[in-house]
Amino acid sequence: MASSISPVIDWDILTWIRQITNLPIVIKGIQCVEDAVVAYKHGVQGIVLSNHGGRSQDTAQSPILTLLEIRKFAPELIDSEMQIFVDGGIRRGTDVLKAIALGADAVGLGRPFLFSLSAGYGENGVRRMVALLRQEIEANMVLLGVTNLKELRPEMINASRLERHLIGSVRL
Ligand SMILES: Cc1cc2nc3c(=O)[nH]c(=O)nc-3n(C[C@H](O)[C@H](O)[C@H](O)COP(=O)(O)O)c2cc1C
């Protein structure tokens, strides 16, 4: 495992990446508000709050908690020019709506696609999964009284129990 992690990669690598491409730069695997702020200061176009589905490090912080951390300690990043994506544990339409209401521009899903492909369901399984997710998103938008994702607001979410898990030692 250690051999697959380069010891020479640091934030300066962004300068080099900028020189070789005009494509948007999106950094995946942001797990704390401090790194989100550093990414923002480096002018990247997007970040993916992700613990890689919890596969890399046992007990790593969930990305939705990182989003709450950003809301609390660096709210200027929300709705800034830098897009914020969230993945890890998104399973239901309500998960999508919660992340977007709390400030995510979009969410990603990994294993749900993998699981719906397996057991012989193939492409039909994936189509069914996407249809179910869409159905859940639309049904819950109706229940929330919104017709557009842009109308989602943080006040619609009761995150108070989760907020108790926010770290108290942020240094920015
Ligand atoms: C089989 C598998 C392999 C993965 N490989 C990588 C990888 O090489 N690099 C990476 O950043 N994330 C990797 N991920 C994490 C996904 O990109 C994504 O962050 C994660 O699956 C999202 O969480 P979810 O599966 O709970 O939806 C992998 C996930 C799975 C299931």
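What follows is a set of numbered points, and please remember throughout that this is a predicted model.

1. Let's begin with the ligand. It has 13 residues around it, and the closest are K28, D87, R91, G110 and R111. Sorted by class, that shell holds five charged residues, six polar ones and two nonpolar ones.

2. Now zoom in on three of those side chains. K28 has a side-chain N or O atom 2.8 Å from an oxygen atom of the ligand. For D87, a side-chain N or O atom is likewise 2.8 Å from a ligand oxygen. With R91, the distance from a polar side-chain atom to an oxygen of the ligand is 2.7 Å. How much of the ligand does the protein bury? On its own the ligand would expose 610 Å², and 63% of that is buried by the protein.

3. Next, find helix α6, which runs over residues 122-144. Its 23 residues reach 33 Å from first C-alpha to last, close to the 33 Å you'd expect at 1.5 Å a residue.

4. Which residues of α6 are buried? They are G122, G125, V126, M129, L133, I137 and M141. As for what they pack against, the buried residues of α6 meet α4 (93-101) and α5 (111-117).

5. Most residues other than glycine have a negative phi. T59 isn't a glycine, yet its phi is positive, near 65 degrees. You'll find T59 in the loop between β2 (46-49) and α3. Is T59 buried or exposed? T59 counts as exposed because its relative accessible area is 77%, and the cut-off for exposed is over 50%.

6. A119 is another one to look at: it has a positive phi of about 60 degrees without being a glycine. A119 sits in the loop that links α5 and α6. Its relative accessibility is 70%, so A119 is classed as exposed.

7. Move over to S80, in the loop between α3 (63-73) and β3 (83-87).

8. Leaving out residues up to four places away in sequence, Y40 touches L77, S80 and M82. Y40 is labelled partly exposed because its relative accessibility is 34%. From Y40 to I25 you count 15 residues along the sequence, and their C-alpha atoms are 11 Å apart in space.

9. Last stop: F85, in strand β3. What does F85 touch, apart from its neighbours within four places in sequence? Its contacts are V26, I47, V48, L49, D105 and A106. Take A106 from that list: F85 and A106 are 21 residues apart along the chain, while 5.0 Å separates their C-alpha atoms.

Methods: Residues numbered from 1 in each chain as written. Predicted model: local features only at pLDDT ≥ 70, side-chain atom pairs only at ≥ 80, totals over all residues. Heavy atoms only, no water. Helix = DSSP H or I, 4+ residues; strand = E, 2+ residues; numbered from the N terminus. Expected span 1.5 Å × (residues − 1). Buried < 20%, exposed > 50% of the residue type's maximum accessible area, 1.4 Å probe, protein only. Contact = heavy atoms within 4.5 Å. Near = heavy atom within 4 Å. Polar contact = N/O pair within 3.5 Å; in protein donor to acceptor, adjacent residues only side chain to side chain. Areas by Shrake-Rupley, 256 points an atom, 1.4 Å probe, with all protein chains shown as cover. Nonpolar A, V, L, I, M, F, W, Y, C, P; charged D, E, K, R; others polar.
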